[in-house]
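Subject: Structure handover

Hi,

Here is the structure I promised to pass on. Please open it alongside this email, and my notes follow below.

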Amino acid sequence: MNDMNACKPKIVMDLESLNASNAQGCSACGRKFNLGDTAVLACGAWGSGPRYIHENEAVQDKRTAQYFERSYYAALKADA
Ligand SMILES: [Zn+2]
């Protein structure tokens, strides 16, 4: 399942995805996802691998096409 997620970084929340992700909720804002929300698999300050967050809380790096949590991405760019 993780391999599939890696190939599909953007999803629209259906019941199955909700059940899988709402134990934890969104890693960026801490809220639960709603049915029909668009979520992306993003890297963030939490560290251990990509997690689903709301699409509007993520930015996509143009070079790598990877998603990052916004404030984390800004911090990465500031270091570079
Ligand atoms: Zn969120």
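Two residues are in contact, or touch, if their C-beta atoms, placed from the backbone, lie within 7 Å. By that rule, and leaving out residues up to four places away in sequence, I53 touches C26, S27, A28, A39, V40, A42, A58 and E69.

Some ground rules before the rest. This is a predicted model, so local features need pLDDT of at least 70 and side-chain atom pairs count only at pLDDT 80 or more, while totals for chains, interfaces and linings use all residues. Residues are numbered from 1 along each chain as its sequence is written.

Confidence

pLDDT is the predictor's confidence in each residue, from 0 to 100. The protein averages 89, and 90% of the residues score at least 70. Residues 1-5 stay under 50, and the model has one contact beyond four places in sequence for them. Where pLDDT is low, the predicted coordinates should not be read in detail.

Overall layout

The protein has three helices and five strands, in the order α-β-α-β-β-β-β-α from the N terminus on. Both are DSSP runs numbered from the N terminus: helices are H or I with at least four residues, strands are E with at least two. The C-alpha atoms fill a box of roughly 40 × 25 × 20 Å along the principal axes. The radius of gyration, taken over C-alpha atoms, is compared with a globule rule of 2.2 Å times the number of residues to the power 0.38. For 80 residues a compact globule would have a value near 12 Å, and the protein agrees with its 12 Å. Of the contacts with a separation of 6 or more, 42% are between residues 24 or more positions apart.

β2 and its partners

Two strands pair if DSSP finds at least two bridges between them. Strand β1 (residues 10-12) runs antiparallel to β2 and is joined to it by three bridges; V12 has T38 as its bridge partner. β2 also pairs with β3 in the antiparallel sense, over four bridges, and there A39 is partnered by H54. With β5, β2 runs parallel, joined by two bridges, and A42 stands opposite Y67.

A residue is buried if 20 or more other C-beta atoms lie within 10 Å of its own, exposed if 12 or fewer, and partly exposed in between. Buried residues make up 25% of the 80 in the protein. Five of the six residues of β2 are buried, so this strand is largely enclosed by the rest of the structure.

The core

A nonpolar core is a set of buried Ala, Val, Leu, Ile, Met, Phe, Trp, Tyr and Cys residues joined through C-beta atoms within 7 Å. The largest one has 13 residues, of which A39, V40, A42, I53, A58 and Y67 touch the most other members. β2 (38-43), β3 (51-54) and β5 (67-69) each give two or more residues to this core, and β2 provides the largest share, five residues.

Two loop alanines

Which contacts does A28 make beyond four places in sequence? They are with G44, I53, H54, E57 and E69. A28 sits in the loop between α2 (15-21) and β2, and it counts as buried because it has 22 C-beta neighbours inside 10 Å.

A65 lies in the loop between β4 (58-60) and β5 and is exposed, with 8 other C-beta atoms within 10 Å. Most residues other than glycine have a negative phi. A65 has a positive phi of about 65° although it is not a glycine.

Best wishes
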